[in-house]
Amino acid sequence: MKKKYLITGAMGFIGTHLVDKFKHGEYTVIDKQLKDDIFDEYMEENVKNHDVVYHLAALTSVDQSFKNPDSVFITNVLGTARVAYLCAKYKKKLIFPSSAAIYHRELSPFAESKALAEDIVRGVMESTPTVILRLYNVFGEGMNPNSGSIMYNFLYSKDIVVYGDGEQTRDYINVADLVCIIEDSFKKKWNGRIIDIGIGQAYSTNYVAGLFAHHRKKKIIYKPPKREIK
């Protein structure tokens with residue numbers, strides 16, 4: 001018997017790639033762009049009628065989280081709490097993409113919201129099949145201003161702006177590789193696991209900026225450092 005999948009945040013950067021993976025399967029999508037909402041009444045019925053919930057619905061822009069922290073906490077924390085509660089109530093598998101930002105939750109409202117959301121999901125792990133995937137920097141086709149990758153800015157801004165000395169390092173993973181991992185995580189062997197998702201290789205911002213400067217014929221501009229992970 002085929003499993004039925006529910007995907008929240010299905011129209012987002014990662015969600016659209018995951019939906020494409022499931023285009024020949026049985027799934028339902030939830031997204032505000034489709035006039036759906038995880039806070040709607042029928043969300044409970046949706047969870048009840050599916051086997052696996054991929055909960056991607058989230059506000060992911062760090063910059064926007066400083067400007068509008070209330071919206072970020074409502075969506076990322078309360079929204080996740082509702083989904084986790086419904087999965088626990090109906091014993092449905094929950095796959096929750098968290099963020100590597102949780103390791104420095106004090107640096108932004110976004111990081112704090114994902115850390116709190118992860119705490120909630122961990123709270124139902126003993127009674128509900130659950131997987132937490134801590135995503136590092138995701139890039140690839142379909143990136144947007146809210147996807148949180150410097151690569152988007154390097155691609156579409158006139159000049160390449162580097163904050164600080166550029167020696168801060170990041171682990172990057174392509175969205176195509178990520179969705180293969182997310183898709184596979186429905187398997188029983190993943191249950192109860194909290195896993196960092198990257199490629200295990202650190203690259204400095206200077207290195208990445210240099211690649212874009214060379215191939216896009218752009219100038220690198222250095223600006224004062226922002227409050228961010230080194």
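This is a predicted model: local features need pLDDT of at least 70, side-chain atom pairs count only at pLDDT 80 or more; totals for chains, interfaces and linings use all residues.

User: Which residues touch the most other members of the largest nonpolar core?

Analyst: That core has 36 residues. Apart from it lies another core of 19 residues, with Val47, Ala84, Val121 and Val124 among them. Back in the largest one, the residues touching the most other members are Ile14, Leu18, Tyr54, Leu133, Val138 and Leu178.

User: Leaving aside neighbours within four places in sequence, what is Leu178 in contact with?

Analyst: Leu178 is one of the H7 residues that meet H1. With the sequence neighbours left out, its contacts are Ile14, Leu135, Val138, Ile173 and Ile197.

User: How are H1 and H7 oriented to each other?

Analyst: Helix H1 covers residues 13-21 and helix H7 residues 175-184, and their axes are 9 Å apart at an angle of about 60°. Angles under 35 degrees would count as roughly parallel and 65 to 115 as roughly perpendicular. The two helices, which cross in a right-handed way, are therefore oblique.

User: How do the residues of the contact of H1 with H7 divide into nonpolar, polar and charged?

Analyst: On the H1 side the contact has Phe13, Ile14, His17, Leu18 and Lys21, and on the H7 side Val175, Leu178, Val179, Cys180, Ile182 and Glu183. Sorted by type, they come to eight nonpolar, one polar and two charged.

User: What covers the buried residues of H1?

Analyst: The buried residues in H1 are Phe13, Ile14, Gly15, Leu18 and Val19. Their cover includes strands S1 (5-8), S2 (27-30), S3 (52-55), S5 (130-135) and S6 (137-139), along with H7.

User: Are H4 and H5 roughly parallel or roughly antiparallel to each other?

Analyst: Helix H4 spans residues 69-90 and helix H5 residues 109-123; their axes come within 9 Å and cross at roughly 10°. The crossing is right-handed. Angles under 35 degrees count as roughly parallel. H4 and H5 are therefore roughly parallel.

User: Is Ser204 buried or exposed?

Analyst: Ser204 lies in strand S11, residues 203-204. Not counting residues up to four places away in sequence, Ser204 touches Gly166, Glu167, Gln168 and Thr169. The cut-off for buried is under 20% relative accessible area. Ser204 has a relative accessibility of 16%, so it counts as buried.

User: What is phi of Lys35 near?

Analyst: Most residues other than glycine have a negative phi. Lys35 sits in the loop between S2 and helix H2 (43-48), and at 73% relative accessibility it counts as exposed. Its phi is positive, near 65°.

User: What about phi of Lys217?

Analyst: Lys217 is in the loop between helix H8 (205-216) and strand S12 (220-223). With 67% relative accessibility, Lys217 counts as exposed. Lys217 also has a positive phi, near 55°.

How values were computed
Residues are numbered from 1 along each chain as its sequence is written. Side-chain values use heavy atoms; hydrogens and water are left out. Axes are lines fitted to C-alpha atoms, for helices over the stretch in contact, and angles run from 0 to 180 degrees between N-to-C directions. Helices (H or I, at least four residues) and strands (E, at least two) are DSSP runs, numbered from the N terminus. Angles under 35 degrees count as roughly parallel, over 145 as roughly antiparallel, 65 to 115 as roughly perpendicular and the rest as oblique. A crossing is left-handed if the near helix is turned anticlockwise from the far one by less than a right angle, and right-handed if clockwise. Contact means heavy atoms within 4.5 Å. Ala, Val, Leu, Ile, Met, Phe, Trp, Tyr, Cys and Pro count as nonpolar, Asp, Glu, Lys and Arg as charged, and the others, Gly among them, as polar. A nonpolar core is a set of buried Ala, Val, Leu, Ile, Met, Phe, Trp, Tyr and Cys residues joined through side-chain atoms within 4.5 Å. Buried means under 20% relative accessible area, exposed over 50%, partly exposed in between (1.4 Å probe, protein chains only).
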